[in-house]
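Subject: Structure for your files

Hello,

My notes on it follow below.

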Amino acid sequence: MAQNKTKSKISGDVWILLWVGWLAIALSQILTFGYGMMVPGIMEDFATDYDTIGAVGAIASWVAVVANIPVTAMAARSNPKYSLPAIYLVFALGCLLFSLADNLPMLYIGRMIAGAGATGLVSCMVVIKIRRVPAEKMVEINGIENFVQPLGQTCGTLLMAQILALLGGWRAVYQGICVLMVLCAGLWILFYTKVNRRDPDVPLQSRKQEAAGREKSPLLQALSQRTVILYALAYPGTIIIWIGFFYYFPSYFMSERGFTDVQAGLATGLFPVFSAIASIVSPKLSKKLDVNKSVLVGSGVALAVLYFVILQISSLPLLCLVSAFTGFVSYLPVPLYFTNVYKLGLPPKAVQMATSVLLTMVSLGSALGSSVIGKLITQYGLYTGLAVCCATPLWYSLLCLFTPDYSAKAMAKRASLKSSS
């Protein structure tokens, strides 16, 4: 109802709801990016090899590819007071089963259930943002949302060794995340009730939109937009090498450049720190300079160069500097990318499905980054395998080149031409 009343201020209870959702997202990132640090302990407990434990880790991404759109579609038809808490509880159940596993099938089951829960954490937040966040503040809100994700990544890389030592092992980490997700579910219901009591929900769609929705499903409405299709096809280009950086670059730093595990962890851990900074800077920078498409296209070209440069560096201070800058550039386009789908004139449920489509392709990029780069490395070696994949962001830039510009000036020009015709 916030947008209907054109409110410019977000209430305190809505802020709490947003932060509860963002906390859940950050917790999922901790597990995703801390998995590599937990692998030795899991391998020791189950006496397994890297191939098997890698397959266990990748299964969550493949589940996300399959489940993201169906989970979001079900949540879109449900009361958000209960749909998001249900997702949190599914994620918590997966974490609990994984932590209690005493055989490999249980590890797979735990990861699959947690992966199914994780699929809706971001896309199902769309409904609360559409209902409670003013349109003019959407890019800033998405910037904050994309800020907390690399914070979770930072905890999973820089701090996971300390977390494991503090809690006593990987099982306790998963159990701790389980407890926090249950807490998020309770807090969401509590504060959603308070918000809805003060400012009751209104239907997300007008009668006209509902009539159109009966003719075409929200998913088909989303896929009817050229921008959604091109963004979806483009995004794996940056994700493949991005996930490769976290999974394989540390091994390259240690085996090919002679860095210690601590030094490799430092260089890798600086990446998400500066990604978080970029998530906050990007909305302000794009608004001040009125840039949008140029950031999307330019970042892909820059990333292809920067990832390749990282492979050439033997100096730790220089490696840390370039890694930090690469992390910054990698997240500059993210808030704009996800905010542009709000500017397509789609009904709210179609916006939610468009976001889900994009997140599905993020999961696909993660799964491909893990498997394809691993196969290239096995066949051609670390350097060649990684060097080839440094070019994948160019695919992202190429496809974004064919999308409209969603800067304020470009949108105003299109509106003016449309009204005059």
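F308 is found in helix α16; helices here are DSSP runs of H or I with at least four residues, numbered from the N terminus. This is a predicted model, in which local features need pLDDT of at least 70 and side-chain atom pairs count only at pLDDT 80 or more, while totals for chains, interfaces and linings use all residues. Residues are numbered from 1 along each chain as its sequence is written, and side-chain values use heavy atoms, with hydrogens and water left out.

F308 has a relative accessible area of 37% and is therefore partly exposed (buried means under 20%, exposed over 50%, partly exposed in between, with a 1.4 Å probe and protein chains only). Apart from neighbours within four places in sequence, F308 contacts Y383, A387 and C390, where contact means heavy atoms within 4.5 Å. N340 lies 32 residues from F308 in sequence and 29 Å from it in space, C-alpha to C-alpha.

Helix α16 also packs against α17 (residues 316–331), with axes that come within 10 Å and cross at roughly 160°. Axes are lines fitted to C-alpha atoms, for helices over the stretch in contact, and angles run from 0 to 180 degrees between N-to-C directions. The two helices, α16 and α17, are therefore roughly antiparallel (over 145 degrees; under 35 is roughly parallel, 65 to 115 roughly perpendicular and the rest oblique). On the α16 side the contact involves S299, A302, L303, L306, Y307, V309 and I310, and on the α17 side L319, V322, S323, F325, T326, V329 and S330. By class, the residues of this α16–α17 contact are ten nonpolar, four polar and no charged; Ala, Val, Leu, Ile, Met, Phe, Trp, Tyr, Cys and Pro count as nonpolar, Asp, Glu, Lys and Arg as charged, and the others, Gly among them, as polar.

A further partner of α16 (residues 293–312) is α14 (residues 249–257), at an angle of about 30° and with the axes 10 Å apart. That makes α14 roughly parallel to α16. F249, Y252, F253 and R257 of α14 meet Y307, I310, L311 and Q312 of α16. Six nonpolar, one polar and one charged residues make up the contact of α14 with α16.

Beyond four places in sequence, F253 touches F245, G258, F259, A264, A267, T268, I310 and L319.

Helix α12 (residues 226–234) has T227, V228, L230, Y231, A232 and A234 as its buried residues. Their cover includes α11, α13, α16, α18, α19 and α21.

Lastly, α3 (residues 80–100) and α4 (residues 104–118) have axes that come within 7 Å and cross at roughly 160°. The helices α3 and α4 are therefore roughly antiparallel. Their contact divides into 13 nonpolar, three polar and one charged residues. S83 is placed in α3 and counts as buried because its relative accessibility is 10%. Leaving out residues up to four places away in sequence, S83 touches A75 and S78.

Regards
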